[in-house]
Number of protein chains: 2
Amino acid sequence: MIAIAEENTNENNERARKEENVVYIGKKPTINYVLAVVTQFNGGMKEVTIKARGQAISKAVDVFEIVRNRYLTNVKDKSIVTSSEELTNEDGTKTKVSAIKITLIA
Amino acid sequence: MIAIAEENTNENNERARKEENVVYIGKKPTINYVLAVVTQFNGGMKEVTIKARGQAISKAVDVFEIVRNRYLTNVKDKSIVTSSEELTNEDGTKTKVSAIKITLIA
């Protein structure tokens, strides 16, 4: 109970820790993100989330498929959720972009 | 019961009917696939499946998000499943490609 109380009093730390098991998919080669996910699980994480937006969504699915087919065959998807996010452009206009969140469990 | 028996004796017809509620995402503009999905639901379908491979996966998520946010707000995802498919190239080598299957229900 004390441990929980401590966590709640230090929100910044807790948020940093929660973000540890999130892998954001960007423009780097697919294998970089595959290794990031594998490293998290090998470091003891029980759950890792892959997040991507727009064109990177395809790469997020590639990362998940490569992780579970080639590296960690015990890993599976706990949930796959899509959403729509609104971005503000430099000129103030708004653009909608799709996003995906794949939560993996070991 | 007679209706079921008839369906089973005419497998080709049944397969054609089953495929009716599948929308394959390709290289056409996103709105084309959005309208294809909306048309299926408006034609009385209770369930429509969106399928895509490789780079088209991002577009599949866009289609789903646009359908449920702009056109049919009662539609939601029954399931989102990813997989890995093996394609044989012209020179006989094999390539793996990720795929997604989003099943929508009204």
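The model is predicted, so local features need pLDDT of at least 70, side-chain atom pairs count only at pLDDT 80 or more, and totals for chains, interfaces and linings use all residues. Residues are numbered from 1 along each chain as its sequence is written, while chains are lettered from A and ligands numbered from 1 in the order in which they are written.

Chain A has four helices and four strands. Helices (H or I, at least four residues) and strands (E, at least two) are DSSP runs, numbered from the N terminus. The elements of chain A follow the order α-α-β-α-β-α-β-β from the N terminus on. Of the 106 residues in chain A, 26% are buried. A residue is buried if 20 or more other C-beta atoms lie within 10 Å of its own, exposed if 12 or fewer, and partly exposed in between, with C-beta atoms placed from the backbone. Contacts require C-beta atoms, placed from the backbone, to lie within 7 Å. Among contacts in chain A between residues at least 6 apart in sequence, 67% join residues at least 24 apart.

The four strands of chain A form an open sheet with the order 1-2-4-3 and mixed pairing. Strand 1 (22-24) and strand 3 (76-88) of chain A stand at the edges, each with a single partner strand, so one side of each has no neighbour in the sheet. Neighbouring strands of this sheet are turned by 20° against each other on average, direction ignored. Two strands pair if DSSP finds at least two bridges between them. Strand 1 of chain A runs parallel to strand 2 (residues 47-53) of chain A, and three bridges join them. A:Val22 has A:Thr49 in strand 2 of chain A as its bridge partner. Helix 4 (residues 56-71) of chain A lies across strand 2, strand 3 and strand 4 (94-105) of chain A, at about 155° to strand 2 of chain A. Axes are lines fitted to C-alpha atoms, for helices over the stretch in contact, and angles run from 0 to 180 degrees between N-to-C directions. Helix 4 (residues 56-71) of chain B also packs on the sheet, touching strand 3 and strand 4 of chain A. The direction of this chain B helix makes about 65° with that of strand 3 of chain A.

The loop between strand 1 and helix 3 of chain A holds A:Lys27. A:Lys27 counts as exposed because it has 8 C-beta neighbours inside 10 Å. A:Lys27 and A:Lys59 are 32 residues apart in sequence, yet 9.2 Å apart in space, C-alpha to C-alpha.

In chain B, strand 3 (residues 76-88) and strand 4 pair in the antiparallel sense over twelve bridges. B:Ile80 is bridged to B:Ile102 in strand 4 of chain B. B:Thr88 has B:Lys94 as its bridge partner in strand 4 of chain B. The hairpin of strand 3 and strand 4 of chain B has five residues between the strands, and B:Gly92 takes a positive phi near 90° there.

Chain B can be laid on chain A with an RMSD of 0.0 Å by a turn of 180° and a shift of 0.0 Å along the axis. The two copies are thus related as by a two-fold rotation axis. Superposition is by least squares on the C-alpha atoms of residues with pLDDT of at least 70 in both copies. Of the residues of chain B, B:Ser58 comes closest to the rotation axis, at 2.7 Å (C-alpha).

At the interface, 14 residues of chain B are in contact with 14 residues of chain A. On the side of chain B that touches chain A, helix 4, strand 3 and strand 4 of chain B each give two or more residues. Helix 4 of chain B has the largest share of that side, seven residues. The residues of that side divide into five nonpolar, seven polar and two charged. Here Ala, Val, Leu, Ile, Met, Phe, Trp, Tyr, Cys and Pro count as nonpolar, Asp, Glu, Lys and Arg as charged, and the others, Gly among them, as polar. The copies meet through the same surface, because 100% of the interface residues of chain B are also interface residues in chain A.

The largest nonpolar core has 41 residues, of which A:Ile50, A:Ala60, B:Ile50, B:Ala60 and B:Val63 touch the most other members. Such a core is a set of buried Ala, Val, Leu, Ile, Met, Phe, Trp, Tyr and Cys residues joined through C-beta atoms within 7 Å. Helix 4 of chain B gives the most to this core, with eight residues. Not counting residues up to four places away in sequence, B:Val63 touches B:Ile25, B:Thr30, B:Tyr33, B:Val34, B:Val37 and B:Ile50.

How values were computed:
Contact = placed C-beta atoms within 7 Å.
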